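Welcome! Take a moment to look over the sequence and the 3D view, and then we will walk through a few features together.

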Amino acid sequence: MKTRVTIMLKSGVLDPQGRAVHHALEGLGFAGVRDVRIGKSIELDLADDVAPADIEAMCRQLLANTVIENFRIEAAEASAT
Amino acid sequence: MKAVVIVFPGSNCDRDLAVALREVNGQPPAMIWHGDSDLPKELDLIAVPGGFSYGDYLRSGAMAARSPVMRAVAAAAERGVFVLGVCNGFQVLTEAALLPGALMRNREIRFVCRDVPLTVASTRTAFTARYDAGEAITIPVAHHDGNYTADEETLDRLEGEDRVVLRYRAETNGSARAIAGIVNDRGNVMGLMPHPERRVELAHGGVDGRRLFEGLVEAFG
């Protein structure tokens, strides 16, 4: 079972990398970009009997720092390999 | 004072901390590898050094905070043993929830490596007992993730409880309320981004970091 965890900085938290990429996109001439936020995506290959509560615990205990980050857990498609 | 320095794979200020402690304390600290789950029973100070523990994988300090030795550090802190986290050590202590908040990427994104002017904001604990309140000192920083962040309520509490120990005197990395160092509620765990171990003898260009170690030695004998 492939599960994807998406981790993003909380909305109030300044994202310096996102801001720099935003400026770079503007520098390339792309108009209409209102904001850029950079996060990370973690793919877990889990045994079928791993409980959703355990995946959430993995996020809270290690994968995300909930002081500054939110996380979202979703089923991922099998990778192309 | 009985002191140890924790060493993670990727630590690179562990020897500097050990030299500073030996200089000031008269005896070298024990070096404790990250995989060890036991600390000496008789212990006054645990120093968590700067560097790039575990290559900064996932987040700075995140992996180190979950290593076996950190469970022992947390238990020791709970017993009242003093814990000092410098730079990456500060990041490790926040990731381990021994200190509140988080250290994010510097606001201007650049790695900052230079002497910074600081104010000693609190002299309440042994960490800064040898400084004067409000004293201006200069200690170098060298970090990419030193932007101290916490919610407003936490920041208010830190200030209200006199737990902000060091502040930047000039904009350095975007830290909330110019926070460069804090202590926990009991005052026995301190984290700071500047490197006091790099200012303990005149050959370093100044000795403004030395009194931090002297204050601890004085407290523990």
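Two residues are in contact if their C-beta atoms, placed from the backbone, lie within 7 Å. Please keep in mind that this is a predicted model.

## Two helices of chain B

In α1(B), the residues B:A20, B:L21, B:V24 and B:N25 meet B:R210, B:F213, B:E214 and B:V217 of α6(B). Sorted by class, this contact of α1(B) with α6(B) holds five nonpolar residues, one polar residue and two charged residues.

Two packed helices are described by the angle between their axes and the distance between the axes. Here, helix α1 of chain B covers residues 14-25 and helix α6 of chain B covers residues 210-220; they pack at an angle of about 55°, and their axes are 9 Å apart. α1(B) and α6(B) are therefore oblique to each other. The crossing in which α1(B) passes α6(B) is right-handed.

## A closer look at B:R22

Helix α1 of chain B also contains B:R22.

Leaving aside residues up to four places away in sequence, B:R22 touches B:Q27 and B:P28. As for B:N88, 66 residues separate it from B:R22 in sequence, and the C-alpha to C-alpha distance between B:R22 and B:N88 is 21 Å.

## Chain A on its own

Chain A has two helices and three strands. Following the sequence, their pattern is β-α-β-α-β. For the 81 residues of chain A the globule rule gives 12 Å, but the radius of gyration is 16 Å, well over that value, so chain A is more spread out than a compact globule.

The C-alpha trace of chain A spans about 50 × 35 × 15 Å along its principal axes. Of the 81 residues in chain A, 11% are buried. Among contacts in chain A with a separation of 6 or more, 68% come from residues 24 or more positions apart.

## Where the chains meet

Technical notes: Residues are numbered from 1 along each chain as its sequence is written. Chains are lettered from A and ligands numbered from 1 in the order in which they are written. This is a predicted model: local features need pLDDT of at least 70, side-chain atom pairs count only at pLDDT 80 or more; totals for chains, interfaces and linings use all residues. Axes are lines fitted to C-alpha atoms, for helices over the stretch in contact, and angles run from 0 to 180 degrees between N-to-C directions. Helices (H or I, at least four residues) and strands (E, at least two) are DSSP runs, numbered from the N terminus. Angles under 35 degrees count as roughly parallel, over 145 as roughly antiparallel, 65 to 115 as roughly perpendicular and the rest as oblique. A crossing is left-handed if the near helix is turned anticlockwise from the far one by less than a right angle, and right-handed if clockwise. Ala, Val, Leu, Ile, Met, Phe, Trp, Tyr, Cys and Pro count as nonpolar, Asp, Glu, Lys and Arg as charged, and the others, Gly among them, as polar. The radius of gyration is taken over C-alpha atoms; the globule rule is 2.2 Å times the number of residues to the power 0.38. A residue is buried if 20 or more other C-beta atoms lie within 10 Å of its own, exposed if 12 or fewer, and partly exposed in between; C-beta atoms are placed from the backbone.
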